[in-house]
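Please look over the sequence and the fold shown here before reading on.

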Amino acid sequence: MGSRCFAPIIFLSLVAVCAARPLYPLPSKLAQGAKQPLQTSRPYNIAHRGSNGEIPEETGPAYMRAIEEGADFIEGDILATKDGVLVCAHDLTLDNTTDVKEHKKFADRKRTYMVQGSNMTGYFIADFTLEELKTLRTKQRLDFRDKQYNGKYPIITFEEYISIALDAPRVVGIYPEMKNPVFNNEHVKWSGGRRYEDVFMETLQKYGYKGSYLSKDWLKQPVFIQSFAPTSLVYVSNLTDIPLLFLIDDVTVVTEDTNQTYTEITSDAYLNYIKNYVVGIGPWKDTIVPVVNEYLQAPTDLVARAHARNLQVHPYTYRNENKYLHFDFHQDPYQEYDYWINKIGVDGLFTDFTGSLHRYQEASSPLPNAKASSVLHKVAALVSSYKNG
C-alpha cells in the first residue's frame, strides 16, 4: 500500500482513497524512518482478520482500521488461487464473504470437494485466478454487523497485506495463517515441485521477515506464523527461525493433516513434542474455560501447562456483541478482557474489535510514558472496581 493511505486524514476519507485506486505497486515505497516500536509489555492485541467487527474481513480498509485503532498485529488467513497467487481469505469458498453469486459468468465454477473428511460445496478460491478474484467485491460475513461497506473492497493478496503493515506509521506485526495447507497442496500446483508452505515462506523472506522471537530482526518486522496443521509447522521450522504458533480447534475437531483429537494435541506428551517447534499455542477460548448454558465453568489447566513449557497462549476469538459475551461478563467486553488477561493470564488475544481491546489496555495498563486521558482514568477505576468487587 502506498504511503498516501496513512496521511493524517479521517478514516472515512482514508478508506475512500484506498478503495479508489489499486493496492499495487509493491513493495512499499514509503520512506522508513524511526517508528514507534512494537509494545511487548502487555498481551498482544491481535486484529482478527483486521477490524472485521466494523469492515468486511481481510480487506485493506479492515487492516488499516485495525492499525488506526491500536492493533499490535494484523492477522490474516492465506489461501492460494488457481494460478498459485497467495491471497487473504478465511474460507476456502467465496460464498459467505463476496458477491461471487452475483457474477453470472462464474456460475459454472460451483464445485463440491472433500475437505477434512466432509463434502463442501461452493465457489472455491482455488478455482479462480487472481485476475478473476479481483473482479469480486467483499461483504460483511455476519448479518447483524454494519453492511455499509458491502460491495466496496476487493480481495487482497498476501503481498498487499504485508505492504499495509510495512507502511503503517508505527511498527505493526503480521500474523499470517497457513490456512488449509492440505487442500492447497492438493488443488494448486507450483513450479519446481514447490508446495504451499514453500511459497508462503518465500513471500515472507522476500519482504525481509526473519528472526527469532524478540530478536533485533524480529522487533524490526514482527511476525508470528500460525497453523492448525502441525506437519506444516514442523516443515517450515526447518526453513525459518520466525516464531510459530500452533492453533487448536474445538474439542470435537481433529487436525486436518494428522487426524489427531483435541485430547491428544493438548496432552503433556504432545505439548512436550510441539514446544520444540513453536513458541505458543492458539486455542479456541471455550476450550480453555468451558461454557455450559452461556456460563463459564472452572478453567482447565491448559494455560498453566503451556506456560510451564515456556509456550505463549493466544486464544481466539473475542467479540463485542452480546451473543458472544457469556453471562458472567454482564454484556461488557471490558469485563471479558479483564478476566482473560488478569485471571487466566493469556499472552495475546485475537479480537474482532481491536479498538475495544486497545481502549481497555490503555485504561488498565497504559504503556510507559503514555498520557491517559481523564476519561480513560475513569474507565480504569471502573475496571479496578470489577476486580475488587
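**Briefing on the predicted model**

In this predicted model, the largest pocket has a lining of 34 residues, and those that lie nearest its centre are H90, K179, F228, D249 and Y316. The protein as a whole contains 15 helices and 13 strands, and 57% of its 389 residues count as buried.

**The largest pocket**

- The space in the largest pocket comes to about 720 Å³.
- Sorted by class, its lining is made up of 13 nonpolar, eight polar and 13 charged residues.
- Strands β2 (73-80) and β8 (244-248), together with helix α11 (285-288), each contribute at least two residues to that lining.

**Overall fold and surface**

- When contacts between residues at least 6 apart in sequence are considered, 70% of them join residues at least 24 apart.
- The protein has an accessible surface of about 16800 Å², and carbon and sulfur atoms account for 52% of this area.

**Helix α6 and its charged partners**

- Helix α6 (residues 196-206) is largely enclosed by the rest of the structure, because eight of its eleven residues are buried.
- The buried residues of α6 are Y196, E197, D198, V199, F200, M201, T203 and L204, and the helix is followed by G208, which has a positive phi, near 85°.
- K206 forms a salt bridge with E159, in which the closest N and O atoms are 2.8 Å apart; this pair links distant parts of the chain, since K206 belongs to helix α6 and E159 to helix α4 (residues 158-166), 47 residues apart.
- The two partners fall into separate classes of accessibility, because K206 has a relative accessibility of 56% and so counts as exposed, whereas E159 has a relative accessible area of 25% and is therefore partly exposed.
- E202 forms a salt bridge with R194, with 2.6 Å between the closest N and O atoms; E202 counts as partly exposed at 35% relative accessibility, and R194 likewise counts as partly exposed at 29%.

**Other salt bridges**

- A search of the whole structure finds 21 salt bridges, and R49, E57, D91 and R141 are linked with one another in a network of such bridges.
- R305 forms a salt bridge with D301, the closest N and O atoms lying 3.0 Å apart.
- In that pair R305 has a relative accessible area of 17%, which is under the 20% cut-off, so this arginine counts as buried, whereas D301, at 43% relative accessibility, counts as partly exposed.

Notes
Residues are numbered from 1 along each chain as its sequence is written. This is a predicted model: local features need pLDDT of at least 70, side-chain atom pairs count only at pLDDT 80 or more; totals for chains, interfaces and linings use all residues. Side-chain values use heavy atoms; hydrogens and water are left out. Buried means under 20% relative accessible area, exposed over 50%, partly exposed in between (1.4 Å probe, protein chains only). Helices (H or I, at least four residues) and strands (E, at least two) are DSSP runs, numbered from the N terminus. On a 1 Å grid over the protein atoms alone, a cavity is a set of points where a 1.4 Å probe fits but cannot get out, and a pocket is an open set with protein on both sides within 12 Å along at least five of seven lines; lining residues have an atom within 4 Å of a point. Grid points are joined across faces, edges and corners, and a volume is the space filled by probe spheres set on the points. Ala, Val, Leu, Ile, Met, Phe, Trp, Tyr, Cys and Pro count as nonpolar, Asp, Glu, Lys and Arg as charged, and the others, Gly among them, as polar. Contact means heavy atoms within 4.5 Å. Accessible areas come from the Shrake-Rupley method with a 1.4 Å probe; for residues, only the protein chains shown count as cover. A salt bridge is a side-chain nitrogen of Lys or Arg within 4 Å of a carboxyl oxygen of Asp or Glu.
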